[in-house]
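Here is my note on this entry, point by point. Please keep the structure open while reading.

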Amino acid sequence: MKHRPPQLLEVAGGKPIKLWTHGVPVEDAARRQLINTAQLPFIFKHLAVMPDVHLGKGSTIGSVIPTLGAIIPAAVGVDIGCGMIAARTSLRACDLPDHLHGLRSAIEQAVPHGKTFCQHDRGAWSDVPAAADQAWQTLAGRFRAIIEKYPRLEKSNHRHHLGTLGGGNHFIEVCLDQDERVWIMLHSGSRGVGNAIGTHFIELAQADMRQHLANLPDRDLAYFEEGSRHFADYVEAVGWAQDYARQNRALMLQAVLDATRRVLRRPFEARLEAVDCHHNYVQREQHFGREVLVTRKGAVSAQRGQLGIIPGSMGARSYIVRGLGNPESFCSCSHGAGRLMSRSQAKKRFTLEDQRRATAAVECRKDREVIDEIPMAYKDIDAVMAAQRDLVEVVHTLRQVVCVKG
């Protein structure tokens, strides 16, 4: 199928916007938000917009924001380092039990999850604390240095959330690929401590710019200039949170693999193919001959040959992809299907019966608390994938058979 160049949106007084959105809807509010960001003076070359684009806080989710000498904390967001991990096992579909409820229950018991989870629940999870303690030791020293400067962050659930899933659109899935091989895939980030870091530095950026906030198109676009009072501290804190998020995903993946072995009562290999990728983060990269700070807010790095994960929604396909290294997208791709409507809209529009029909082939929760995650609340993943054919190629197509949500 012939590739189409991205759509181009010129911005008066700002940098242009390139959108890989052919065939997928883009809400007017998201376009306005993109224009606001493109008007900032330190944007490098252009904004790159992924097909899962939708309205966010300050900056649009599904956007790639290259900057010179400045970072926008609200563009990185509060779920710092949120991303995906997936591993193929040596299991095949025929190795799974006919009824999958027991496997879902075992995963739910193995990984703390849900909005009501707190540190006092830790005693219910037998194997996680020791592994989490060991992982925390690799993070603790750098965190102590951060809280010496920002003691407010010490009150976050930094240690107790390590190895936990959370709620919302975070999930754990057992999937089958195109060859009926079994994969474990999950989506989560830096949990409470990432939220605390993100929120605190967003407030600091706004406080530092209080004399100039009126000149910004949105107060949530407040930024730190390189060399300013909090810039280096933010870079250190956000880098630490990204490392925390990777540790968090690794702990949960191991817990799910262990739970699966207990249910199946048989050994199997895992991580035969493994992918781990952030989709809410910032890092220094080389693009168009310059060192640039690249913020991917709901976007994944897709350097040539690099593997990434693009999940669909509950009841929709997901994809393991290989980057094509498209320079115009700053070597990026989408991080998922992208929301088509807000959570409140989804809860008003769809019924419990709609949710049950849409997830009929998946062993998962089917109650009113997850209606906002119904597949119809998201964009069509097939249209999203078609819109980014010049960004990635599909390596594996996955369909979930078990989905755990908080």
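1. Is His-335 buried or exposed? The model is predicted, and in it His-335 is buried, because its relative accessible area is 13%, under the 20% cut-off. His-335 sits in the loop between strand S16 (332–334) and helix H7 (343–349).

2. What does the side chain of His-335 reach? There is a polar contact with the side chain of Asp-52, at 2.5 Å. The His-335 side chain also reaches the backbone oxygen of Gly-298, at 3.2 Å. Leaving aside neighbours within four places in sequence, the contacts of His-335 include Ile-61, His-279, Ala-299, Val-300, Ile-309, Ile-310 and Pro-311.

3. Next, the sheet. Seven strands form an open sheet with antiparallel pairing, in the order S10-S6-S8-S7-S17-S15-S14. Strand S10 (274–278) and strand S14 (307–310) are the edges, each pairing on one side only. On average, neighbouring strands of this sheet are turned by 30° against each other, direction ignored.

4. Within the sheet, look at strand S7 (residues 171–176) and strand S8 (residues 181–188). They pair in the antiparallel sense over six bridges. Glu-173 has Met-185 in S8 as its bridge partner. Helix H6 (residues 231–264) packs on the sheet and touches strand S6 (83–92), S7, S8 and S10. The direction of H6 makes about 140° with that of S8.

5. Now the nonpolar cores. In soluble globular proteins, nonpolar side chains tend to be buried together. Here the largest nonpolar core has 53 residues. Ile-17, Trp-136, Ile-197, Phe-201 and Trp-240 have the most contacts inside it. Among the elements that each supply at least two residues of this core are strand S3 (47–54), helix H1 (28–38), helix H4 (128–149), helix H5 (191–208) and H6.

6. Not counting residues up to four places away in sequence, Ile-197 touches Ile-80, Leu-153, Ala-237, Trp-240 and Ala-241. A second, separate core has 47 residues, including Trp-20, Ala-48, Cys-175 and Leu-352.

7. How many salt bridges does the structure hold? The count is 29. One of them joins Arg-104 and Glu-108, with the closest N and O atoms 2.8 Å apart. These two residues are four apart in helix H3 (residues 101–110), so about one helical turn separates them. Arg-104 is buried, and Glu-108 is buried too.

8. Which parts does the pair Arg-142 and Glu-236 tie together? Arg-142 lies in helix H4 and Glu-236 in helix H6, so the pair links parts that are 94 residues apart in sequence. The salt bridge spans 3.5 Å, N to O. Arg-142 counts as partly exposed because its relative accessibility is 30%. Glu-236 is partly exposed as well, at a relative accessible area of 36%.

9. Another salt bridge joins the side chains of Arg-181 and Asp-179, at 3.5 Å, N to O. Arg-181 is buried, with a relative accessible area of 15%. Asp-179 counts as partly exposed, at 38% relative accessibility.

10. Last, a network. Salt bridges link Arg-339, Arg-343, Asp-372, Glu-373 and Lys-405.

Definitions and conventions: Residues are numbered from 1 along each chain as its sequence is written. This is a predicted model: local features need pLDDT of at least 70, side-chain atom pairs count only at pLDDT 80 or more; totals for chains, interfaces and linings use all residues. Side-chain values use heavy atoms; hydrogens and water are left out. Two strands pair if DSSP finds at least two bridges between them. Axes are lines fitted to C-alpha atoms, for helices over the stretch in contact, and angles run from 0 to 180 degrees between N-to-C directions. Contact means heavy atoms within 4.5 Å. A nonpolar core is a set of buried Ala, Val, Leu, Ile, Met, Phe, Trp, Tyr and Cys residues joined through side-chain atoms within 4.5 Å. Buried means under 20% relative accessible area, exposed over 50%, partly exposed in between (1.4 Å probe, protein chains only). A polar contact is a pair of N or O atoms within 3.5 Å; within protein, one must be able to donate a hydrogen and the other to accept it, and residues adjacent in sequence count only if both atoms are side-chain atoms. A salt bridge is a side-chain nitrogen of Lys or Arg within 4 Å of a carboxyl oxygen of Asp or Glu.
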